[in-house]
Amino acid sequence: MKISLSHVSTPVKGEYSKLGLDESKLIDMLRTMILIRVFEEKVEELYLREGVLMGPAHLYIGSEAIAAGVKHVLQRGDLVISHHRGHGHAIMLGIDLDKLFAELLGFKEGNLKGLGGSMHLPIDVSKGGLYASAIVGSQVPIAVGVAYAQKYNKSGKLTIVFFGDGAVNTGAFAEGAVMASFLRVPLVLLCENNVYAEFTRTSDLFGEEDVVAQRFMGYDIPTYVVDGNDPLAVYKALKIHEEKLRSGDGPIAIIANTYRLKGHGVYDKALYKPLGEADLYRLKDPIITFANRLMNEGVLKQDDYKAIFEEARKIVNESFEKAKSGSPLTLDELSYYV
Ligand SMILES: Cc1ncc(C[n+]2csc(CCOP(=O)(O)OP(=O)(O)O)c2C)c(N)n1
Ligand SMILES: [Mg+2]
């Protein structure tokens, strides 16, 4: 059995044009990351301080670079399948923020009429968000079927399925990976390796640091390991294999190494994390790191950086104000939809 694991480094400036990167894409990646961050901070506030949101919410804070890197590879007709930590995917897909807030509030103006909530937020078929599941790992074999349809129809489109480092220990992941490999489907298995699965360090489960990468071996699927805090590394890993994916050469996997800066859900203070660990990772905050890079490369000025944050805060606050005036489905409507 072939084992194919390669590390993809961040592109140097000279590679940008070959990879189809220009200034507007670079700035949009940063803008996307900031919009996700500001949205998530608002969500956290609405849960913890305002108490207006209920149910679970698993924040994407710390992993924004992954969604931003994926965004510019997607074409119309490509599909995204997500998981319980999918707010960042929903924003990357371009689902209106007022619809997302309405969905979190349980209102019929939400993208799923308030029936899905946080863990199904990235679903809007018109934007390419086909499905999301909170049953860890279960989305992987489903994504194989979706990608198989794309292959069968010779569509040239691809599917990206997001899952976490905890999901790689499920039978569903293994089953999906075997089928994806066997059927040679245009699927990207994208593992957001954020160090934790709920309240457990994934590496503690096996006492090995690289346990996640090991889970990808044996399927004959080319697997790329990237810095998931760098949107350009994520983008590059997808881009170098894109043509092969679209032409039916079979699936790839990407392990994007990142860090869950917050607790598992909004309610979780993450007191089980080693003291100082999150602070160390905050020094490598993906937004600050990427903004510094763009400033060093002369693409971004300090004032523009501030303006992007201001703009994101305005969009987020206005979207929430708009969503607040919505209402839940009536009983009649509920019985129709459920
Ligand atoms: C099949 C299944 N088992 C257990 C759970 C409970 N659960 C919810 S999230 C989670 C951890 C998932 O960790 P990971 O895949 O790393 O994703 P992350 O939350 O870190 O993004 C678990 C065990 C579940 N939802 N589904
Ligand atoms: Mg995890």
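Start at Gly 298, which follows α11 and has a positive phi, near 75°. This is a predicted model, so bear that in mind throughout. Now step back into α11 itself, residues 286–296. At its start, Asp 285 places a side-chain oxygen within 2.8 Å of the backbone nitrogen of Ile 287.

Which residues of α11 are buried? Pro 286, Ile 287, Phe 290, Ala 291, Arg 293 and Leu 294. Their arc around the axis is only 160°, so they sit on the same side of α11. Remember that an α-helix has 3.6 residues a turn, so residues three or four places apart point the same way. And what do the buried residues of α11 pack against? Against α1, α2 (64–71), α9 (231–246) and α12 (302–324).

Next, the sheet. It is open, with 7 strands in the order β1-β8-β9-β5-β4-β2-β3, and the pairing is parallel. At the edges are β1 (5–7) and β3 (129–132), each pairing on one side only. Strand-to-strand twist averages 20°. Between β8 (residues 223–227) and β9 (residues 252–257) there are 5 bridges. Thr 223 is opposite Ala 253 in β9. Helix α5 (residues 139–152) packs on the sheet and touches β2, β3, β4 and β5; its direction is at about 170° to that of β4.

Last, the core. The largest nonpolar core has 78 residues; Leu 30, Phe 101 and Ile 254 are among those touching the most other members. Helix α1 (residues 23–48) gives the largest share, 13 residues. A second, separate core has 27 residues, including Ile 81 and Phe 173.

How values were computed. Residues numbered from 1 in each chain as written. Chains lettered and ligands numbered in written order. Predicted model: local features only at pLDDT ≥ 70, side-chain atom pairs only at ≥ 80, totals over all residues. Heavy atoms only, no water. Core = buried A, V, L, I, M, F, W, Y, C linked by side-chain atoms within 4.5 Å. Buried < 20%, exposed > 50% of the residue type's maximum accessible area, 1.4 Å probe, protein only. Helix = DSSP H or I, 4+ residues; strand = E, 2+ residues; numbered from the N terminus. Arc of directions from axis to C-beta. Contact = heavy atoms within 4.5 Å. Polar contact = N/O pair within 3.5 Å; in protein donor to acceptor, adjacent residues only side chain to side chain. Pairing = 2+ DSSP bridges. Axes fitted to C-alpha atoms, helices over the stretch in contact; angles between N-to-C directions.
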